[in-house]
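Let's take a quick tour of one protein model. Have the sequence and the 3D view ready as you read.

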Amino acid sequence: MDPPLFFFSGSLALGRGAVQTSEPVVQVAEDKPAKLSCSYSGFSSPRVEWKFAHGDITSLVCYNNKITASYEDRVTFSDSGITFHSVTRKDTGMYTCMVSDEGGNTYGEVTVQLIVLVPPSKPTINVPPSATIGTRAVLTCSETDGSPPSEYFWFKDGVLMPTEPKSNRAFSNSSYTLNHKTGELIFDPVSASDAGDYTCEAQNGYGSPMRSDTVHMDAAELNVGGIVAAVFVTLILLGVLIFGIWFAYNRGYFDRAKKGTSSKKVIYSQPTARRDCHGILLQCPFSEHKQTDSNCVRRENKSFGCGDHTKLSGHTEQKSF
């Protein structure tokens, strides 16, 4: 049978031990000291541990009544809790005080939230210079230094924009949604009255609110004439291209290109030897400087005793040397 479980204000206890804190939420300015309290009773030989968690980050601050190496330079331990000599914005998070006996029969824990106060920095905004009437436009505002996280407020022409536009006559013709947590201002759809100068302010309850630069946004009509002109020019260019292809095809340019690229066979025939009327070789089939046979050397300006005409195969052929 499990041991009975006892609950105390802001504490969890197992067996007869009790753990509690006098201040479950601690808010302190950056670079100032901070005390996180943890008191306990009903433990014969208490062993105290402190665990830090923020988002995906988890680390051990104190183990077995001793501060760990990563915190020993700026945190001290006592029976009533732990004390930061000087906190930074990275110390913001949840701290859990866990107490148990040496034998592990008694256990209790309590959680303390530490909020390190940091004033917001100057926010950055993203505003389109021009938005088309009837479309959707998104304006954003953000800053990363504020702790706790900042909330964002938008101003148009110096006037604070209400969360619900219909609640203010000055914005009754606008249709937008405003998220103070994320800083998004969405017009859907954009109207002519949405043109103006926009400024964003960040505030987190600590320090002075910070304002961004002012950016102007125009609300323009849809340029139907420009769209029609662009379509018309595109159709003309397409028509010219089609006509050029048709003209080239009818002129036979494509057929000539095909014939020009077709392969042609080249037949090489070896030159035949020439002989005189007596059958003596006059011209070699190859160039003279490559021949060594004395029979293939032609002698210039020498008569071979033949007439000017020689009958060959029943035909009369005139020889010229």
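There are six aromatic pairs in this structure, where rings of Phe, Tyr and Trp (its six-membered ring) pair if their centres lie within 6.5 Å. Keep in mind that the model is predicted: local features need pLDDT of at least 70, side-chain atom pairs count only at pLDDT 80 or more, and totals for chains, interfaces and linings use all residues. Residues are numbered from 1 along each chain as its sequence is written, and side-chain values use heavy atoms, with hydrogens and water left out.

**Ring pairs**
- Y40 and F43 make an edge-to-face pair, because their planes sit at 80° with the centres 6.2 Å apart (planes under 30 degrees apart count as stacked, over 60 as edge-to-face, the rest as tilted).
- Y40 is partly exposed at 22% relative accessible area, while F43 is buried at 11% (buried means under 20%, exposed over 50%, partly exposed in between, with a 1.4 Å probe and protein chains only).
- F171 and Y176 are edge-to-face too, at 6.5 Å between centres and 85° between planes.
- F171 is buried at 4% relative accessibility, and Y176 is buried at 7%.
- Ring pairs also tie F171, Y176, F187 and Y198 into a cluster.

**A charge over a ring**
- R211 holds its charged end over the ring of F155, 3.9 Å from the ring centre (the cut-offs are NZ of Lys or CZ of Arg within 6 Å of the ring centre and within 35 degrees of the ring normal).
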